[in-house]
Amino acid sequence: MMHGTFSILPLRVSGLRFGVRGTELIKGISFELRAGVRTLIIGPNGAGKSLTLRLSHGLIKPTAGEVAWAGGTTDRRRKRHAMVFQRPVMLRRSARANLVHALSLGGLDRSERGRRADEALERFGLGHLADRPARLLSGGEQQRLAIARAWSLRPQVLFLDEPTSALDPASTKAIEEMIEAIHADGVKIVMTTHNMGQARRLGDEVLFLHNGRLLEHTPADEFFAKPRTEEADAFLKGELLH
Amino acid sequence: MDGQGAFVTAINLIVSGDAALAEIVGLSLRVTLSAVFLSCLVGLPAGAALALARFPGRGGVIVVFNSLMGLPPVVAGLVVYLTLSRSGPLGPLALLFTPTAMIIAQTVLITPIIVSLTRSVIEDLWREYEDQLRSLGSSALRAVPTLLWDGRFSLVTVVLAGLGRAMAEVGAVLIVGGNIAGHTRTMTTAIALETARGDLALALGLGIILLSLTLLLNAGAFVSGRVAQRTAG
């Protein structure tokens with residue numbers, strides 16, 4: 001299933017820099033992301049994983065460099081990429097109403113919103129939660145709902161920022177299955193994680209960041225078997241990196 | 001008349017449903033609730049917009065609204081008096097010494113309270129929601145109704161703060177209303193007048209009603225808020 005008439009991929013990021021009050025946090029990153037492969041962004045805390053996602057998604061503006069989508073999709077309302085955050089933010093309304101709200105922001109007709117919301121809830125087995133107040137759901141349920149919400153927007157690319165880091169193993173498993181299913185739909189997955197087991201399970205390719213720089217962009221099996229840089233090697237061995 | 005005798009007479013006035021008393025209570029509620037309604041109509045969206053907007057001088061605007069929360073009612077009354085008096089800009093409307101003038105004065109008095117407190121509530125909420133809402137494609141302007149609805153439980157307290165201020169104040173309604181019996185006499189102005197004249201029974205009766213009403217409104221808001229919060233999270 002390919003959403004839309006044209007693809008916004010590949011995503012070309014070039015010379016990306018981002019700083020706050022004179023401290024440079026992203027120090028010139030360039031990469032190209034293709035469709036069809038799941039990209040895992042890994043690296044130690046403070047490496048800039050989350051910032052790279054936010055910059056790519058357009059939540060923050062780079063101080064220098066460019067984030068270029070194929071076809072030049074600049075219309076924010078019809079944005080073809082969606083993001084799932086570490087801590088899902090649910091509005092004080094029912095689970096279903098949260099999806100309807102997102103679809104309304106996505107510019108969908110009133111009649112279409114309800115249909116799409118129900119479809120997304122059913123697809124991921126969340127139908128029984130539809131009328132429950134979203135904020136009273138468990139953390140795992142809220143995150144599954146957040147992913148269903150993102151999926152309902154029919155994105156071509158889904159960014160996920162450590163989506164399971166606050167969750168128990170059962171919820172983590174459920175969410176990994178959702179990500180697999182969305183990948184199987186043809187949606188490009190770009191995800192950060194600090195869970196190396198998860199990176200091995202889900203990753204087709206790895207972006208290894210350290211201190212705001214991109215040190216490796218390699219196929220996952222190659223990265224985990226034989227990292228090219230000392231830093232990645234040390235990171236995989238669980239050593240502390242500075 | 002001693003205090004105890006006044007208290008008994010006050011209870012009698014309330015229980016017997018004294019017509020003059022009922023009229024005063026009715027007018028007070030009408031003026032106060034109208035003013036709170038108008039203040040919310042303006043103040044809730046304005047406060048939320050101030051929370052989300054970024055413009056030069058924003059800090060100054062916030063400081064001004066915060067200061068206006070402490071606006072002395074007599075000053076608000078005076079300003080509205082000057083505006084509505086025969087030689088004032090709105091003099092031709094002949095609103096001075098009418099309930100409408102009192103509603104205007106109280107609206108001027110409590111709108112800054114609603115704006116400032118709403119700004120603070122919505123700013124906290126926006127900090128939590130901003131990334132998610134922006135990711136979904138929401139502009140700051142489009143987020144205003146969403147945030148007002150999601151902040152509804154905290155905003156009830158904001159509205160109650162405005163209501164409390166309006167119910168309790170004397171100065172503004174006294175200046176622009178004139179405390180005319182049967183026309184612009186409210187609970188607070190009547191208490192002030194009757195105490196000065198020595199009719200402690202009526203003053204005390206009105207005081208008891210005023211306190212009870214305030215208590216009742218707040219209890220009602222508290223209980224319904226708790227119940228709603230439990231069902232909506």
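**Notes on the two-chain model**

1. Chain B has ten helices and zero strands, with helices (H or I, at least four residues) and strands (E, at least two) taken as DSSP runs numbered from the N terminus. Read from that end, its elements go α-α-α-α-α-α-α-α-α-α. Before you go further: this is a predicted model, where local features need pLDDT of at least 70, side-chain atom pairs count only at pLDDT 80 or more, and totals for chains, interfaces and linings use all residues. Residues are numbered from 1 along each chain as its sequence is written, while chains are lettered from A and ligands numbered from 1 in the order in which they are written.

2. On overall dimensions, the C-alpha trace of chain B spans about 70 × 50 × 25 Å along its principal axes. Take the contacts in chain B with a separation of 6 or more: 79% of them are between residues 24 or more positions apart. A contact here means two C-beta atoms, placed from the backbone, within 7 Å.

3. Now a helix pair in chain B. Helix α2 (residues 19-52) of chain B packs against helix α5 (residues 99-135) of chain B at an angle of about 35°, and their axes are 5 Å apart. Axes are lines fitted to C-alpha atoms, for helices over the stretch in contact, with angles running from 0 to 180 degrees between N-to-C directions. The crossing of α2(B) and α5(B) is right-handed; that is the label if the near helix is turned clockwise from the far one by less than a right angle, and left-handed if anticlockwise. The contact of α2(B) with α5(B) has 21 nonpolar, ten polar and three charged residues. For those classes, Ala, Val, Leu, Ile, Met, Phe, Trp, Tyr, Cys and Pro are nonpolar, Asp, Glu, Lys and Arg are charged, and the others, Gly among them, are polar.

4. On annotation, an unreviewed UniProt entry places "domain: ABC transmembrane type-1" at residues 25-219 of chain B. That span is 79% helix and 0% strand, with its end C-alpha atoms 19 Å apart. The unreviewed entry in UniProt also lists "transmembrane region" stretches in chain B, including 60-84 and 200-223. Residues 60-84 of chain B are 84% helix and 0% strand, with end C-alpha atoms 29 Å apart. For residues 200-223 of chain B, the values are 100% helix, 0% strand and 34 Å.

5. Chain A has eight helices and nine strands. Its C-alpha trace spans about 55 × 40 × 35 Å along the principal axes, and 43% of its 242 residues are buried. Chain A has a radius of gyration of 18 Å, in agreement with the value near 18 Å for a compact globule of 242 residues. Among chain A contacts between residues at least 6 apart in sequence, 68% join residues at least 24 apart.

6. Where the chains meet, 16 residues of chain A are in contact with 14 residues of chain B. The chain A side has nine nonpolar, two polar and five charged residues.

7. A:Thr63 counts as partly exposed because it has 14 C-beta neighbours inside 10 Å. Leaving aside neighbours within four places in sequence, A:Thr63 is in contact with A:Arg17, A:Phe18 and A:Gly19.

Conventions: Rg over C-alpha atoms; globule rule 2.2 N^0.38 Å. Buried ≥ 20, exposed ≤ 12 C-beta atoms within 10 Å, placed from the backbone. UniProt positions renumbered as here; feature names shortened; annotations may be inferred.
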